[in-house]
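Please open the model in your viewer and keep the selection tool at hand. The stops below say what to select next and what is there.

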Amino acid sequence: PDYMVPSTFELIDMWPLTTNGKIDKKRLPEPDTALLQYDIIAPETEMEKSLAEVWSKLLNIGVDSVSIDSSFFDLGGHSLLSVRLVSDVRKHFKIELSVQSVFEYPTLQAMALVLEKSPNKSTRKDIKRVERTTNTATPSFSQQRLWFLNKLQGATPEYNLPIAFTVK
């Protein structure tokens, strides 16, 4: 698949090896970035400009290196960053975007069009940090249930995880 093909190939005479005979990745030469240059078409609409800013912060690249035909994945994005992108889009634009949409519309221009046409505004509220005044926390519903069952039935081995290990 195209996502597994390296974007550049660098010919070297000899692999730099560690003392154990493994490839020393730190001593490998940096790829020639001149081969990676492409024409950048600047974002035009406000949505494209704002989305380019979100991408640049998330991918840790300059906003001027994001073109409207740039793919999120070609610029360094991957599946885990796509989840963070969905979260950042929700925060910045107040629009729900699915992770699937990131894969279906990976270019800046296509994703901006999806966001502009999106009727579903986010109804999620931000999670706010709760300052603790004491050192105790309220147990969750699951924890309360387990406590109740323990008091009702007494000590049972149902929630034990058996494991054996040797201590010397």
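Predicted model: local features only at pLDDT ≥ 70, side-chain atom pairs only at ≥ 80, totals over all residues.

Begin by selecting L51, W55, F72, L85, F93 and L115: of the 23 residues in the largest nonpolar core, they touch the most other members. Helices α1, α2 and α4 each supply at least two residues of this core.

Now keep W55 alone. Leaving aside residues up to four places away in sequence, which residues does W55 touch? They are N60, V66, S70, S71, F72, L75, L85, P106, T107, L108 and M111.

## One side of α4

Select residues 108-117, which form helix α4. Within α4, the buried residues are L108, M111, A112 and L115. They sit on the same side of α4, because they cover an arc of only 100° around the helix axis. Show the other helices again to see what this side meets: the buried residues of α4 pack against α1, α2 and α3.

Go to S82, in helix α2. Is S82 buried or exposed? S82 has a relative accessible area of 0%, so it is buried.

## The aromatic cluster

Select W55, F72, F73 and F103, which ring pairs link into a cluster. The count of aromatic pairs is 3. For F72 and F73, the ring centres are 5.3 Å apart and the planes are at 80°, so this pair is edge-to-face. F72 is buried, at 0% relative accessibility, whereas F73 is partly exposed, at 24%.

Move on from F73 to F103. The ring centres of F73 and F103 are 4.9 Å apart and the planes are at 25°, so this pair is stacked. Because F73 lies in the loop between α1 and α2 while F103 belongs to helix α3, the pair ties together parts that are 30 residues apart in sequence. F103 has 43% relative accessibility and counts as partly exposed.

## Two positive phi angles

Select N60, in the loop between α1 (46-59) and α2 (79-93). N60 is not a glycine, yet its phi is positive, at about 60°. With 70% relative accessibility, N60 counts as exposed. N60 is also one of the residues that W55 touches.

Then select K94, in the loop between α2 and α3 (99-104). K94 likewise is not a glycine and has a positive phi of about 60°. Its relative accessibility is 46%, so K94 counts as partly exposed.

## Salt bridges

How many salt bridges does a search of the whole structure find? It finds 2. For one, select E96 and R90, whose side chains meet at 3.0 Å, N to O. E96 counts as partly exposed, at 22% relative accessibility.

For the other, select D24 and R27, where the closest N and O atoms are 3.7 Å apart. D24 is buried, at 15% relative accessibility, whereas R27 is exposed, at 54%.

## The whole chain

The secondary structure comes to 5 helices and 0 strands, and along the sequence the pattern is α-α-α-α-α. The radius of gyration is 25 Å, well over the 15 Å that the globule rule gives for 168 residues, so the chain is more spread out than a compact globule. Turn the view along the principal axes: the C-alpha trace spans about 70 × 60 × 35 Å.

Colouring by accessibility picks out the buried residues, which make up 23% of the 168 residues in the chain. Finally, consider the contacts with a separation of 6 or more: residues 24 or more positions apart account for 52% of them.

Note on methods: Residues numbered from 1 in each chain as written. Heavy atoms only, no water. Helix = DSSP H or I, 4+ residues; strand = E, 2+ residues; numbered from the N terminus. Buried < 20%, exposed > 50% of the residue type's maximum accessible area, 1.4 Å probe, protein only. Arc of directions from axis to C-beta. Contact = heavy atoms within 4.5 Å. Phe/Tyr/Trp six-rings, centres within 6.5 Å; stacked < 30°, edge-to-face > 60°. Core = buried A, V, L, I, M, F, W, Y, C linked by side-chain atoms within 4.5 Å. Salt bridge = Lys/Arg side-chain N within 4 Å of Asp/Glu carboxyl O. Rg over C-alpha atoms; globule rule 2.2 N^0.38 Å.
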